[in-house]
Amino acid sequence: MALFRQFTLSRRLNGVEERGEREESPGSTHHWMRQRHVDNRRTGDLCGYFMLTDTNFVLGNAQIVDWPIVYSNDGFCKLSGYHRAEVMQKSSTCSFMYGELTDKDTCEKVRLTFENYEMNSFEILMYKKNRTPVWFFVKIAPIRNEQEKVVLFLCTFSDITAFKQPIEDDSSKGWGKFARLTRALTSSRGVLQQLQPTVHKGENVHKHSRLAEVLQLGSDILPQYKQETPKTPPHIILHYCAFKTTWDWVILILTFYTAIMVPYNVSFKTKQNNVTWLVVDSIVDVIFLVDIVLNFHTTFVGPAGEVISDPKLIRMNYLKTWFVIDLLSCLPYDVINAFENVDEGISSLFSSLKVVRLLRLGRVARKLDHYIEYGAAVLVLLVCVFGLAAHWLACIWYSIGDYEVMAEDRKTVRTDSWLYMLGETVGSPYRFNVSGTGRWEGGPTKDSVYITSLYFTMTSLTSIGFGNIAPTTDGEKIFAVAMMMIGSLLYATIFGNVTTIFQQMYANTNRYHEMLNSVRDFLKLYQVPKGLSERVMDYIASTWSMSHGIDTEKVLQICPKDMRADICVHLNRKVFKEHPAFRLASDGCLRALAMEFQTIHCAPGDLIYHAGESVDSLCFVVSGSLEVIQDDEVVAILGKGDVFGDVFWKEVTLAQACANVRALTYCDLHVIKRDALQKVLEFYTAFSNHFSRNLLLTYNLRKRVKNHTKAIHTLQDALT
């Protein structure tokens, strides 16, 4: 029995691992519990079979009469044409696929191989569900547990019809030999493809995070609503289209660039003699000019929430709001300042007008409004605001110092100014009449002055103030007082928000640890046995790692009924898409069913059903593996896409479970109660008939499997 539970834990029976490792929760309990399960997942050489994606196989229980099939992978179901529910509990000799042309001697050899627990291989003619004859190469291998007892038979199937003589059946009589061979080859083209290297198209497909899916709102997230696109003239751009969104982000970045460069150029009175910077600023001006043109052709949202696409209304709205500011911000001031013969007064005027560009930050604030709900975005925004404020104040601080360090005629200098003392400190002092002009000249470089100004404003805003740079003039002192007041407000706002953000970031972690402590105290108070306590802690840790502490029911209760139904349809979409029984269901029927479904997460070892319990639910396996145990024997292994429970719609009485259903791995089950299902089926009578005909239970817990152990063989082994 140990081998049954070991080899299915990895759930690689279909050649693809059904579930990766669960994300560890904030505590270390889940990590320890998960490691305990990982230590038990030793499969030996058997894993080599299951990792092959092109293997078609069934597993049979060697301890039960007729060696019933307890698992068949998707490859075998596709190859044989049978549904998994149709082959479960049938003999793993696959005698149900025998036909009139199947060789009797080969059938006997297969039976003897199972009887004697031998390893063997055969070429045998069998029939698919549609009675198409196919040649199979069958390999039979007994699997032993730690006590060297055969507990399983692994039977693999390969289609070799293309390499055998054409089959003589009624449909091929009278055909020429070449024609029959052609038919055999073309009907088995899949075999030739299997012999070639398999390329898995889905291996490199990037798996989007949940956040990316929610932000993109793809077709698989939202219900299939038929939205009517607003009819707009050809030259009008929708304000929410992809192009306009990308363009707005470009303008956003350039606005931040402007907010940094404009105060610096105005304060330091720089002329863009550097061709590179002149070209960059000119490109920025051109982009701002193009933005004005686009804004004259972009829709906007009216007061009543409607999309305004009338060109005349768009132009009037833009002219009344942002046109003047945008126009002033895109004038080529830097190009004018670059000319050498421009009067200094006009140059200063143009430099001052560039400050108007900072009004664009109002438009930036409107866009950032959408991201205030994200803690990380707020944190980055606050840091940017703090740095931008320090940069602006540093530029003003230098402007005051530069204005007061020398008189207007530049013939006197203030030796107590911080600029004068900085020049003496860095070795670039102010000198009188160096070039014969009779004025004070020189001083520290602009880079050194800016770094020092930024250092002073940062220390003042953060209330540190080392005192090595101090205001001396009245203007500097007044500015320092104002800066300290602004700094105290910024300091309180930013760090208060940072504290709140970090508390929110760790709120779930704190809630998780509080819950764990409460559960530990409960288990200790009522002296719950150690084994059960470990199961409880493992379940809580694994459930938290999957749900992150989100109460789905609480979230759904917030939404209105219509929206709640849409969300439930999305949450159960895998069940509705995988099972043909739901294909003809109307939208109303699917919504009614989805509202009744519940999602259950199971940890390894959890029992979903105990033998003797009432079977009051229909369970759909979405991921993971489970085993069905009857009289201490595994009679079925269930995986993704399987259904177990009872056929409530065909039975009058409530059934008792004839077996235990235990989770082998972490499982996600979508469950609907008996009463809820019958209520929906009674209302939607047309769907009820289709549902009852097409839903196949992989395992019916009402029915008991014939389970007689092989006492005869055991007695024979003892006698020999």
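Student: Which residues form a nonpolar patch on the surface?

Tutor: Val-324, Leu-327, Leu-328 and Leu-331 do, with about 290 Å² of accessible area together. Patches take residues with over 30% relative accessible area and no salt bridge; like charges are joined within 9 Å, nonpolar side chains (Val, Leu, Ile, Met, Phe, Trp, Tyr) within 5 Å. Areas come from the Shrake-Rupley method with a 1.4 Å probe, and for residues only the protein chains shown count as cover. Val-324 is found in helix H13 (residues 323–329). Helices (H or I, at least four residues) and strands (E, at least two) are DSSP runs, numbered from the N terminus.

Student: What ground rules apply?

Tutor: This is a predicted model: local features need pLDDT of at least 70, side-chain atom pairs count only at pLDDT 80 or more, and totals for chains, interfaces and linings use all residues. Residues are numbered from 1 along each chain as its sequence is written, and side-chain values use heavy atoms, leaving out hydrogens and water.

Student: What pLDDT does the protein chain average?

Tutor: pLDDT is the predictor's confidence in each residue, from 0 to 100. The chain averages 77, and 73% of the residues score at least 70. Over residues 1–52 the pLDDT is below 50, yet this stretch has 119 contacts beyond near neighbours in sequence. A contact means heavy atoms within 4.5 Å. Where pLDDT is low, the predicted coordinates should not be read in detail.

Student: Which residues does UniProt list as "transmembrane region"?

Tutor: UniProt positions use the numbering here, feature names are shortened, and annotations may be inferred rather than shown by experiment. The unreviewed entry lists 247–266, 376–400, 448–466 and 478–502. In the model, residues 247–266 are 100% helix, with end C-alpha atoms 28 Å apart. Residues 478–502 are also 100% helix, and their end C-alpha atoms are 36 Å apart.

Student: How many aromatic pairs are there?

Tutor: Rings of Phe, Tyr and Trp (its six-membered ring) pair if their centres lie within 6.5 Å; planes under 30 degrees apart are stacked, over 60 edge-to-face, the rest tilted. The count comes to 32. Phe-268 and Tyr-450 have ring centres 6.3 Å apart and planes at 65 degrees, so the pair is edge-to-face. Phe-268 lies in helix H10 and Tyr-450 in helix H19, so the pair ties together parts 182 residues apart in sequence.

Student: How many salt bridges does the structure hold?

Tutor: A salt bridge puts a side-chain nitrogen of Lys or Arg within 4 Å of a carboxyl oxygen of Asp or Glu. The structure holds 14. In one of them, Glu-108 joins Arg-111, the closest N and O atoms being 2.5 Å apart. Both lie in helix H6, 3 residues apart.
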